[in-house]
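Welcome! Please take a moment to look over the sequence and the 3D structure shown here before reading on.

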Amino acid sequence: MEGEKGEKMRDKAMEWKKHAEEATAPNGSSSKNLDDLVKPPKSPAYRALLKAGPNLKPLQQVHAHIVASGSHRSRSLLTKLITLACEAGSILYAHNLFLSVPHPDSFLFNSVINFSSKFGFPQYTLSFYRSMLGFRMPPSSYTFTSVIKACSDLSALKLGQGVHSHVFVCGCGSERFVQAALVSLYAKCGEFGVARKVFDEMPERTLVGWNSMISGYEQNGFPKEAIEVFKEMRESGVEPDSTGFVNVLAACSRLENDGLGCAVHDEVVRRGLEINVPLGTSLINMYARCGDVRKAREVFECMDERNVITWTAMILGYATNGYGSQAMELFGEMRAHGPRPNTVTFVAVLTACAHAGLVKEGRQAYASMRQEYGLVPGVEHRVCLVDMLGRSGLLDEAYQFIKELSPEEAAPPLWTAMLGACKMHKNTDLGVTVAEHLLEVEPENPGHYVMLSNIYALAGRMDRVEKVVRTLLELKNFVRTLLPEELQDRRSNPCSIHLEALRKFS
């Protein structure tokens, strides 16, 4: 009897050994793996959640089933449900689910903090973090990385500094991912001295840290410094990734440095990196800013995937380099075969029409915003329309367009564009009317006085010029009697500020 029993036990052991060998066999010789042998099967509710995925309605249906079945207190089910709700973009639903948990543990806290930060809900990340501290749960480096990212997304410097202090109290100051997040926070908020100090103290300078320093300098208007850090990274032996190339290309665009930009493009090709949407759009912006529209279009055509930002960048490249017809042709292709245009796309389109004198096309594009796409024109669109009409000499139409707007819609930038058109076409009578209106709404803006004096000078009214200059000098705290050259250039092109925003769009 004992012999038979021992023999059965040996057979069972051989069977388990065979299963284990199959599970751990190289090259996936069996569909089974060791986890399948030791992990319990998922419950039907958990499988239903996986099937629902990050889709709100199916998730709510599964949630109702979980409640009806009495499984609503299962920590694993609630955690999965909450994370999927975050991923679905329904942060309010996820927050309410979280509040239903009587005693959340550190795993659940870290899950909601991470996912709310990852999917772009930084305010909720901070709310969950405060709640975690209220429950006296000790944060980990995992927690701090997400919370600091949330502070960075909100540009909440003071709050980030408080979290930084908490990092030291909890002994997480030497964690490299936490350090990289701190570098990103301080660099984005313009605190480059602190960012550099944290960066230099990193025992291992990660690629994320390098990228954070480069993007921080570039986004805060220091492209030369961004390029210097990029070169420093290369000299230290760190190979840039796609994000690093995007950051340095943005700096090249600001400086119109096509030499370095072309070198970056060559390296991207040499390394066989995929020209994805961010990288391709950055290359298009760089070549367009440097005046090489042909090369920008080559990049555009070679991209496998193009989103609305990519199309807009290419249209803007044509617009700012004087290729209005090509811009409108590409816009036609976008409407027929590309993604749905957005409000930024229409700023680029109207700019192209203004620069090329395509009044008919510009009117149609402006009208189509509401009629075809349900988009509400903003100040930037109205400025471009006035600029287009003004450049084409249609001053009465431009003036009438402004007069028919409400006081809130007829913002000062529209009158400034109108004034520039009056100066361009030497219409002093209308120019004086427009300038005097501007002085009524913005009496402390020195630029309006300069433009008014120019209008009077064109009309030969030197007595009025002297009077305006005296008034200008009497302005309280007015120090500079001449506007900076850059500001004068911007006033000659009223769309320039909006174009600058467009170039940062990608």
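Residues are numbered from 1 along each chain as its sequence is written, and side-chain values use heavy atoms, leaving out hydrogens and water.

Let us begin with pLDDT, the predictor's confidence in each residue, from 0 to 100. The chain has a mean pLDDT of 83, with 85% of its residues at 70 or more. Residues 12-40 have pLDDT below 50, and this stretch has 12 contacts in the model beyond near neighbours in sequence; a contact means heavy atoms within 4.5 Å. Residues 477-492 also stay under 50, and here the model has 17 contacts beyond four places in sequence. Where pLDDT is low, the predicted coordinates should not be read in detail.

## The chain as a whole

What secondary structure does the chain have? There are 30 helices and 0 strands, where helices (H or I, at least four residues) and strands (E, at least two) are DSSP runs numbered from the N terminus. Among contacts with a separation of 6 or more, 60% are between residues 24 or more positions apart.

Of the 506 residues in the chain, 44% are buried. Buried means under 20% relative accessible area, exposed means over 50%, and partly exposed lies in between (1.4 Å probe, protein chains only). The accessible surface of the chain is about 26400 Å², and carbon and sulfur atoms hold 52% of that surface; such areas come from the Shrake-Rupley method with a 1.4 Å probe, and for residues only the protein chains shown count as cover.

## Salt bridges within a helix

A salt bridge is a side-chain nitrogen of Lys or Arg within 4 Å of a carboxyl oxygen of Asp or Glu. The model has 20 salt bridges by this rule. One of them joins Asp153 and Lys149, at 2.9 Å from N to O. These two residues sit 4 residues apart in helix H9 (residues 141-153), so about one helical turn separates them. Asp153 is partly exposed at 35% relative accessible area, and Lys149 is partly exposed at 36%.

Asp387 and Arg391 form another salt bridge, at 3.0 Å from N to O. Asp387 and Arg391 lie 4 residues apart in helix H23 (residues 379-391), which means that about one helical turn separates them. Is Asp387 buried or exposed? Asp387 is buried, with a relative accessible area of 6%, whereas Arg391 is partly exposed at 28%.

Glu267 is buried at 9% relative accessibility, while Arg234 is partly exposed at 29%. Salt bridges with shared partners join Arg234, Glu239, Glu267, Arg270 and Arg271 into one network.

## A buried threonine

Finally, have a look at Thr125, which lies in helix H8 (residues 122-134). Thr125 is buried, at 0% relative accessibility. Which residues is Thr125 in contact with, leaving aside neighbours within four places in sequence? They are Ile113, Ser116, Ser117, Ser146, Val147 and Ala150.

Notes:
Predicted model: local features only at pLDDT ≥ 70, side-chain atom pairs only at ≥ 80, totals over all residues.
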